[in-house]
Structures are given as structure tokens and as C-alpha cells.
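I opened this structure to look up a few local features. My notes follow, in the order I made them.

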Amino acid sequence: MANYKIIHDLDIESMEPGVHHFFMDLVANGIGQDIHVPVMVAKGTEPGPCMGVTAVVHGNELNGLRVVQQLMQKVDWQELKGTVVGVPVVNVPAILNQQRRFNDDEDLNRIMPGREDGNMSDVYAARVMNRIIAKFDYLIDLHTASFGRINSFYIRANMKNDVQRKMAELQNADIILNNEGADGTLRSAASDLGIHAITLEVGDPNRFQKGMIRSGIEGVFNVLRHLQMIKGAVEQADEEAVFCGSSYWLYADRGGILEVYPDITEVVRKGEKVATIRDVFGAVVREYFCPEDGIVIGKSTHPVGQTGSRILHLGIIENE
């Protein structure tokens, strides 16, 4: 394995133009070993903005890792205006433990921007924010669905912000979901710092999906082209994204063997049957019907569903 330089802060201004790979020292584990976050930097020969692309805030969401790796291999720093920073794994303890959450069982994407005087996950989150994210002008944070669920290729963004709206539209996604609030996510914490940030949901957990990865890379390059950080024409979408002003999950109020009928991106109508729960003998114990018209953003695929399990993520379509 190559010996990569260990850094304690992302000092982009002092870097020479070119491609740089680092490990950033953030915290230490219980026996005093440092936990290092990988950071990839492509610094151009001309000044310009800093675009950050982050992945694996949840340890089971892996498509984004390949997006960052391939993006940083494809960016030509000699023709780049500004800087592109890729963080292929934000949540190092989680990916090593092959779990979603940080090693104290906190969801990093619900406690951002963290606290320097907090618990383990709080401190980790705060140092990610202060030492890496705060250096960006723009951020695309890559996620996927979680265990037992699948997602469409969709965007979360504050569509009332003109810059973030444009970043979202440039992803050529299936669905764009308006999401404005301060919700503890990396995206919202970055926005609070004045960074233009969107979340890109790139498919399914615990796997690499080539089509999703290609789409994710295309979207990032579209933003780089739009910002004139690189040359080239923006890739246009084959179909316009469906815009959802809001969304919510349908939950099961009875446990059993769950079957969800609609596919992701499928438009569903009020009153349409969307799921069935059977008992262990196969008898139907509950049927679920769509409460209003919408589109399926994501859905559960795991057949075993306890009371309170998610059924599907319903987006409410709006005309912009």
C-alpha cells in the first residue's frame, strides 16, 4: 500500500496544482489508533471555486464511493479552474464495521454539524465539518437507500435557492424532491455555512450499480461544466425530472410478510393498493392503499416487516 501523507486540516491554498491523496487525522479509537478519513484533491492551474463530493456518510451506502473514485480519476487538473475535493468515505468506522451508523450507534446524517464538546459521533461530525466541508463552495453529498430498501435516482435540494435548484436540475435525475429544513444532515449543515449543497440519492445499498454510478458521475461533471470549472457542453436529460414539493413514508401498522407492489418511479393514484401483509401461514392480514396521488421515490424490498416497518416513500408531484 502506498504511503499517503497524513494531514490535520485541508489547506487547499498551500497545495501545488495537481492531484493529491491524503489521509486526514480526525479522532482516535479506544486503543489510541488514529482514525483517518481519505481525501482526494484535484487542484487546477487557474483559480476558481471549490467543489466537494462526499460519500459513505452511512457505511452501507457504497455507490457514491465509486462515483468519487472514478470522478477523481477523470478530472484533468491541467484544464481545471478551481479545485475538486472528493471524500470517498466520510464515515470510516461504519464502513469498517459494515454497518450504517457510527460506532456509537448514532446516525451521522442526523447530528450535523456535530459538537466539539459532544460525544464520539458529535466530535467526529464537527471535525468533518470544520476541517473538510467548510472549505467547499459547492457540495454534492452522495447517498443510497438503506438495508432492505431501494431508491430511484433522485435529488434532495432547497428548490427555493436558485443555485441549488440549478445544481439539482443538472443531475438529470428521475425525481427532484424539495427539502428545505435544518434536519441534521450534512447537506443542511453545509447550507448553513453558505455552501451550495444538494443530496444525490444513487440507488441501492451494499452494492455497486454501474448505471447509477455513471449517472452520478455525469451529474457532477454537469455542475463542473455549468460553473465553467471545466470545458464542455452540459449533458441534457432524456426526460425531465419529476418535481415533488414534499414526500413522506407509508408505514405498516401490523407485522408480517410484506409485499410492496409498485416499482420505483411509478406514479400511483389515491386508493390504489400498494402493499399486502400476510401472516406466516400466508393469510392476508392487512392491505394498504395509497392515501393520495404521487410517485414512488423508494420502497421496501425486504419481505419481513415488523409493525412500524416502512412500506414506500411517496413523493407528492407538483407543477413548478
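**Surface charge**

I began with a negative surface patch, which Asp 174, Glu 218, Glu 235, Asp 238 and Glu 239 form. For a patch I took residues with over 30% relative accessible area and no salt bridge, joining like charges within 9 Å and nonpolar side chains (Val, Leu, Ile, Met, Phe, Trp, Tyr) within 5 Å. A salt bridge here is a side-chain nitrogen of Lys or Arg within 4 Å of a carboxyl oxygen of Asp or Glu. Asp and Glu count as negative, Lys and Arg as positive, and His and the chain ends are not counted.

I noted that the model is predicted, that local features need pLDDT of at least 70 and side-chain atom pairs pLDDT 80 or more, while totals for chains, interfaces and linings use all residues. Residues are numbered from 1 along each chain as its sequence is written, and side-chain values use heavy atoms, with hydrogens and water left out.

I then placed Asp 238 in the loop between helix H6 (210–226) and strand S11 (242–251). Helices (H or I, at least four residues) and strands (E, at least two) are DSSP runs, numbered from the N terminus. Is Asp 238 buried or exposed? I found Asp 238 exposed, at a relative accessible area of 83%. The classes are buried (under 20%), exposed (over 50%) and partly exposed in between, with a 1.4 Å probe and protein chains only.

**Cysteines**

How many disulfides are there? I counted 0, a disulfide being a pair of cysteine sulfur atoms within 2.5 Å. The cysteine sulfur closest to that of Cys 244 belongs to Cys 290 and is 12 Å away, so it is too far for a bond. Cys 244 is buried, with 0% relative accessibility. Cys 290 is also buried, with a value of 3%.

**Backbone and loops**

I looked at the peptide bond from Met 112 to Pro 113 and found it cis, with omega near 10 degrees. Pro 113 sits in the loop between helix H2 (92–96) and H3. Most peptide bonds are trans, and most residues other than glycine have a negative phi.

Asn 206 has a positive phi, near 60 degrees. I located Asn 206 in the loop between strand S10 (196–202) and H6, where the residue is partly exposed at 45%. Gln 228 also has phi near 60 degrees. Gln 228 lies in the loop between H6 and S11 and is exposed, at 61%.

Last, I checked Asp 137, in the loop between helix H3 (120–131) and strand S6 (138–143). Asp 137 is partly exposed, at 37%. Asp 137 and Leu 193 are 56 residues apart in sequence, with their C-alpha atoms 9.4 Å apart in space.

How values were computed. Areas by Shrake-Rupley, 256 points an atom, 1.4 Å probe, with all protein chains shown as cover. Charge placed at Lys NZ, Arg CZ, Asp CG, Glu CD.
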